[in-house]
Amino acid sequence: MLSRIFAIVGPTAAGKSALALEFAAAVGGEIVNADALQVYRGFDIGTAKPSVEEQRSVPHHLIDILDPAERYSAGEFSRRAHEVLRDIERRGKVAILVGGSGLYLRALWSGIAPLPASDAAVRAMLLVRLESAGLPVLFDELARVDPATARRLGRGDTQRILRALEVALATGEPLSSWIARQPFGASAVAMRKVGLTLPRGVLYDAIAVRVRSMLDRGWLDEVRELLERGVERGSPAFQAIGYRQWVEFLDGECEFETALQRVVTLTRRFAKRQETWFRKEAGIVWWDARSTGECLASMKEMVEMADMTELARIAKMTEQAEFTGSAEPAGSPDGGG
RNA sequence: GGAGGUGUGGCCGAGCGGUCAAUGGCAGCAGACUGUAAAUCUGCCGGGCUAAGCCCUACGGAGGUUCAAAUCCUCCCGCCUCCA
């Protein structure tokens, strides 16, 4: 069963999707998106979403499930992924998680604490206070209500300071005690983890090339359309790298070349952060993304082995059920290659 | 040909006699990360060491003035602007 769930991870532009597609086609698998932005409808080119043909050729899950204004989160992903995985397992298919959102994967792999979702009212109040009082004041407040978390966070970490305060205020219980009750690792979904990577320089070049190709495929038109359709510039989906920069360009706030350079750079830094994250994640088997043949073969082998042990198990059960006592021994776990 | 300006670490850009291996910013590198995570944040960032200290090489090049120069002077080289 372990061998029937896979996760293909690694930095952006390493070729995770392509490998997943090939693997899925070979073993009749289904792809589960583990990416924070591919969930948004209409944000296709810049998020490197699989094409419609690709999505038709292999079942895909957790793609295009939200409107740009809706919020996604690690917890939400984890819940939905559990469901999808259970479903795929029930159908006896191989599940292939693909994505580069480290926290999301960890939430699934290690079980994220059951924190309350973001509370809009509390959040709005905090934003007002941030505006009027400033971050240092909010940090001091956090140090009072949740000293453990305050100690952990940087004084300039607006995002986490707000979230920690939000949890404490909304639930009356500090974030640190929520986490203490169920830290990472308390529950887990086991799977085979495959990491795809490239030497830094090669990866950076690949990113530049891919950004260009996204433009050639009409990325700018896509952004233009989203704006025309009335998608708010501040909606969650617009935090995807590139989209914001193209909006600035389309709004006439910067030159095309400036925006382009910015997009490439941001993507590189993102890829670097992804590598930092996955590097320390335990249990990932790394492969050079330039030669995925071996990796693919290895994954297929794992599936075959899993199938065989499954067959052997079924055979054994059948044998026992027939209880013919001295019948010839049926299927055995070994076999040809 | 004449007048003026300018040349700083990978890039941009401060500094204009000592407290300068040189403020900032960018890029780069490393790290953190519990519902915004493609987000957010932190550290390092000339080289070498028996590293909270020391040594070396550095502010276009060569000289010079000073106890002391990226900072002042002379010449040379490159770039820019204006007048011819």
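This is a predicted model: local features need pLDDT of at least 70, side-chain atom pairs count only at pLDDT 80 or more; totals for chains, interfaces and linings use all residues.
**Stop 1: the whole protein**

Select chain A and zoom out. You have 14 helices and six strands on screen. Along its principal axes, the C-alpha trace spans about 85 × 50 × 35 Å. Take the contacts in chain A with a separation of 6 or more, and 78% of them join residues 24 or more positions apart.

**Stop 2: around the RNA**

Now select RNA strand B and show what surrounds it. Highlight H13 in its own colour, as it supplies the largest share of the surface near RNA strand B, 11 residues. Colour the surface by residue type and you'll find 22 nonpolar, 17 polar and 13 charged residues.

**Stop 3: H6 against H8**

Select residues 135-145 for helix H6 and residues 158-171 for helix H8. Their axes are 10 Å apart and the packing angle is about 45 degrees. Angles from 65 to 115 degrees would be roughly perpendicular and those under 35 roughly parallel, so H6 and H8 count as oblique to each other. Turn the view to look through one helix at the other: H6 passes H8 in a left-handed crossing.

Next, show side chains where the two meet. From H6, pick Leu135, Leu138, Phe139, Glu141, Leu142 and Val145; from H8, pick Thr158, Ile161, Ala164, Leu165 and Ala168. Nine of the residues in this contact are nonpolar, one is polar and one is charged.

**Stop 4: Leu220**

For the last stop, jump to helix H11 (residues 219-228) and click on Leu220. Is Leu220 buried or partly exposed? It has 18 C-beta neighbours inside 10 Å, so it counts as partly exposed; buried would take 20 or more. Leaving aside neighbours within four places in sequence, Leu220 is in contact with Leu215 and Trp246. Finally, draw a distance from the C-alpha of Leu220 to that of Tyr243: the two residues are 23 apart along the chain, and the C-alpha atoms are separated by 8.6 Å.

Terms used: Residues are numbered from 1 along each chain as its sequence is written. Chains are lettered from A and ligands numbered from 1 in the order in which they are written. Axes are lines fitted to C-alpha atoms, for helices over the stretch in contact, and angles run from 0 to 180 degrees between N-to-C directions. Helices (H or I, at least four residues) and strands (E, at least two) are DSSP runs, numbered from the N terminus. Angles under 35 degrees count as roughly parallel, over 145 as roughly antiparallel, 65 to 115 as roughly perpendicular and the rest as oblique. A crossing is left-handed if the near helix is turned anticlockwise from the far one by less than a right angle, and right-handed if clockwise. Two residues are in contact if their C-beta atoms, placed from the backbone, lie within 7 Å. Ala, Val, Leu, Ile, Met, Phe, Trp, Tyr, Cys and Pro count as nonpolar, Asp, Glu, Lys and Arg as charged, and the others, Gly among them, as polar. A residue is buried if 20 or more other C-beta atoms lie within 10 Å of its own, exposed if 12 or fewer, and partly exposed in between; C-beta atoms are placed from the backbone.
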